[in-house]
Amino acid sequence: MTRSPDSRPTAPPATAAPAALRQRLAELRGPGSAQRPLDARALAALAANPGCRRRVLLDGAGVDKSALARALGAPAAFGQSQFAIARGHSFEARAKAGGGTELVRLLHEQLRDGTPPPEPGSVDVPDLTAGGPEGRTARTALALREATRAGRWALLDHPLLALPVAGAPAFLEPDAVVVHPDGTWTVVEIKSFPVIDGAAEPGKVGAAARQAAVYVLALEELAARLGDDHPARVRHEILLVCPKDFANVPVAGLVDVRKPRATTRRQLARLARLEDIAAGLPAGTTFDLCLADDGRTARRPAEELAAAVEAVEAAYAPECLAACELAFHCRARARAEGSVAALGRGLRGELGGLTTVGSVLAATLGEPPAGDGDPDPTVVALRRAAALRAEALAAPLTGSGAACL
């Protein structure tokens, strides 16, 4: 694609963390440990639990949480099979066949705006090849600007976007971004779960929408850095492409992501900054596994790793079991400490200042506190519930209930 002299972004992409922070995060990973990228799925899960400083730090530092969980003796029990991954890649390749024309045609069908459908060869597919994540994000920004000014359909295949998270950039790679002839942008999310009889599983659609909302936020961040004067450049509906019924034929639908986008933006703003979390750690803290020559066997004692992990505050909830590799370790710790967090966020919120099972039992079964002050309404409710339970257990069974015995 021909470049115009003024097609360069007006502001450089914010894809570099401060050198001191990068050095500190590398120390936390350990020498020779590669940084794990923070993808949109992990970022959406992080935004769903912004109070967990442990996950903020480990994800921000690029620590391999799966390997860390194995070394701690609490491996994660979720993840995609190799068959599912291969099937997903095969379906994505089919959806993008024809130089992107088929994918743009699916989008055009959903728009129903009266414009003519794209003709074969009418969709530009710019080359996004560049060295390193910073180079790829800069190339993506340039390609988006050029495609927007061209006034034609364009498909950016696996562009790379940057989104500041907790003071450091997260690099995100959507399946595709379509540039419309009117200059607007649509995120394309390709999933391998089926649409059966015109409907897909709501939970999976919701998860895809939350993931795509992260890409929308990153695109909005990019548009702001480019000095774009079009406030509605990024469309709030994403194109979700899935297999139709049990075949491998792509079918698409538009999904409104305004609500998950607003929620994710608000939750990401609540995250503690990486430098603040790292500054509170004991001297010498590191999550280095000291891997053996096979690249998988951890030689560092599990007790040392556990001490390093516990130095960072966690906010465990049962929902973490489906979203975080360290969830089983955190659950075991919460249970060992008798934390009510292991029983769910709803119950944890209802119990107020009673943070352990022991304190709940003591408040329920103990003597009322002395003094004329107003009693704690939580304690009053617990004691009332205990009294009702005792009364129910003490009452003799009558009628049909007794006959069943």
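Leaving aside neighbours within four places in sequence, with which residues is R152 in contact? In this predicted model, local features require pLDDT of at least 70 and side-chain atom pairs pLDDT 80 or more, whereas totals for chains, interfaces and linings use all residues. Residues are numbered from 1 along each chain as its sequence is written, and side-chain values use heavy atoms, without hydrogens or water.

R152 is located in the loop between α7 (132–150) and β1 (154–157); helices (H or I, at least four residues) and strands (E, at least two) are DSSP runs numbered from the N terminus. Beyond neighbours within four places, R152 is in contact (heavy atoms within 4.5 Å) with G121, S122, V123, D124, A147, V179, H180 and P181. The C-alpha atoms of R152 and P181 are 4.3 Å apart, although 29 residues separate the two in sequence. R152 is partly exposed, with a relative accessible area of 36%; buried denotes under 20%, exposed over 50%, and partly exposed the range in between (1.4 Å probe, protein chains only).

Helix α3 (residues 53–61) is largely enclosed by the rest of the structure, because eight of its nine residues are buried. These buried residues are R54, R55, V56, L57, L58, D59, G60 and A61. They pack against α1 (19–29), α2 (40–48), α4 (65–71), α10 (274–279), α11 (302–310) and α12 (327–336). G62, with a positive phi near 75 degrees, follows α3.

L343 lies in the loop between α12 and α13 (345–350). With 54% relative accessibility, L343 counts as exposed.
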